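Morning, everyone. Please have the sequence and the model open. I'll keep this quick.

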Amino acid sequence: MYTYIAKRLLVAIPTLLIISIFVFSLQKLLPGDPILAMAGEERDPQVLEFLREKYRLNDPVPYQYVRWLGAALQGDLGISLRTNQPVLHLIGEKLPVTIQLAIMSMIFAFVIGVPMGILAAVKKNTMIDYLANIIALTGLSIPNFWLGIMLILLVSVNLGWLPASGYEPFFSNPLRSLETMLMPSFVLGNALAATLMRHTRSAMLSVLCTDYIRTARAKGLAESSVVLEHGFRNAMLPIVTLTALLFGELLAGAVLTEQIFTIPGFGKLIVDAVFNRDYAVVQGVVICTAIGFILMNLLADILYVLLNPRMRAAL
């Protein structure tokens, strides 16, 4: 197992390197000049040249990348051109917000999507199956920004049950934090639940047709035991892989949802950084997001081995 994990981590190193080169190169192709954005209305040529020399933007692009990579390997992702704060500090402020939003969204997705998928597979070609598929298709079709606005109008403006926007750190006020994150988490979890439902249904249908399921039923086991203990346990493998990918997407930030509910997460941070040509912040956020994706895929691979006896035997 340890050898398997080490090999997966070794593969991650060139992946991160390629991502960093790709993003660093694309940033230089963006129109606009970050120094002009910093200078504001009064753009003294001497001040502009001083700022370019200060941030070493006059150096050749390959040299800039090598310098950034050397500093990143030492834990220094640079300084924000806009706020003059360390990028690691900005990421440290936004990352807990994004993680909380991602976890709560995945809870909604699991609570809604997985039971619906199991029920649709067990009741195949019945009204329950058709209804579950209609609900899943509706969840995939409704745009997140529209659902978010409708929830704000209904739940916050008309009923006054939950705050319309804002964010409260979890450890400073847990109850208020959950209240502010409930609606955005449901908006994101709704779309993910539809995807999970379709994959759970497909995986369960494949498992329920196997010989060992027929054998379990022939032994007289209760249907709930056959479906949950024998069926769902073996259908979890593709669901685990999908969950890791969906969680990685959430770690990258949900831009529209964060903008609608005024949540200071990764999505808002990277959008503001792109508009302000804040290269260091963009590069730092993308690298952290890539690391999150790689770690979630590694976790999915480990769980896949733990859940699959044949993989354990092979390793």
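One term before we start. A crossing of two helices is called left-handed if the near helix is turned anticlockwise from the far one by less than a right angle, and right-handed if clockwise. Also, keep in mind that this is a predicted model.

So, which way do helix 5 and helix 6 cross? Helix 5 passes helix 6 in a left-handed crossing. Helix 5 covers residues 87-122. Helix 6 covers residues 127-141. The two pack at an angle of about 145 degrees. Their axes are 8 Å apart.

Now the residues that meet there. Helix 5 brings M116, L119 and A120. From helix 6 come I128, D129, A132 and I135. By class, that contact has six nonpolar residues, one charged and no polar.

Stay on helix 6 and find N133. Is N133 buried or exposed? Its relative accessible area is 19%. Buried means under 20%, so N133 counts as buried. What does N133 touch, leaving aside residues up to four places away in sequence? The answer is M197, R198 and R201.

Last, the record. An unreviewed UniProt entry annotates "transmembrane region" at residues 9-26, 99-122, 134-161, 181-197, 239-261 and 281-307. Take two of those spans. Residues 9-26 are 100% helix and 0% strand in the model, and their end C-alpha atoms lie 26 Å apart. Residues 99-122 are also 100% helix with 0% strand. There, the end C-alpha atoms are 34 Å apart.

That's my tour. Thanks.

Terms used
Residues are numbered from 1 along each chain as its sequence is written. This is a predicted model: local features need pLDDT of at least 70, side-chain atom pairs count only at pLDDT 80 or more; totals for chains, interfaces and linings use all residues. Side-chain values use heavy atoms; hydrogens and water are left out. Helices (H or I, at least four residues) and strands (E, at least two) are DSSP runs, numbered from the N terminus. Buried means under 20% relative accessible area, exposed over 50%, partly exposed in between (1.4 Å probe, protein chains only). Contact means heavy atoms within 4.5 Å. UniProt positions are given in the numbering used here, feature names are shortened, and annotations may be inferred rather than shown by experiment. Axes are lines fitted to C-alpha atoms, for helices over the stretch in contact, and angles run from 0 to 180 degrees between N-to-C directions. Ala, Val, Leu, Ile, Met, Phe, Trp, Tyr, Cys and Pro count as nonpolar, Asp, Glu, Lys and Arg as charged, and the others, Gly among them, as polar.
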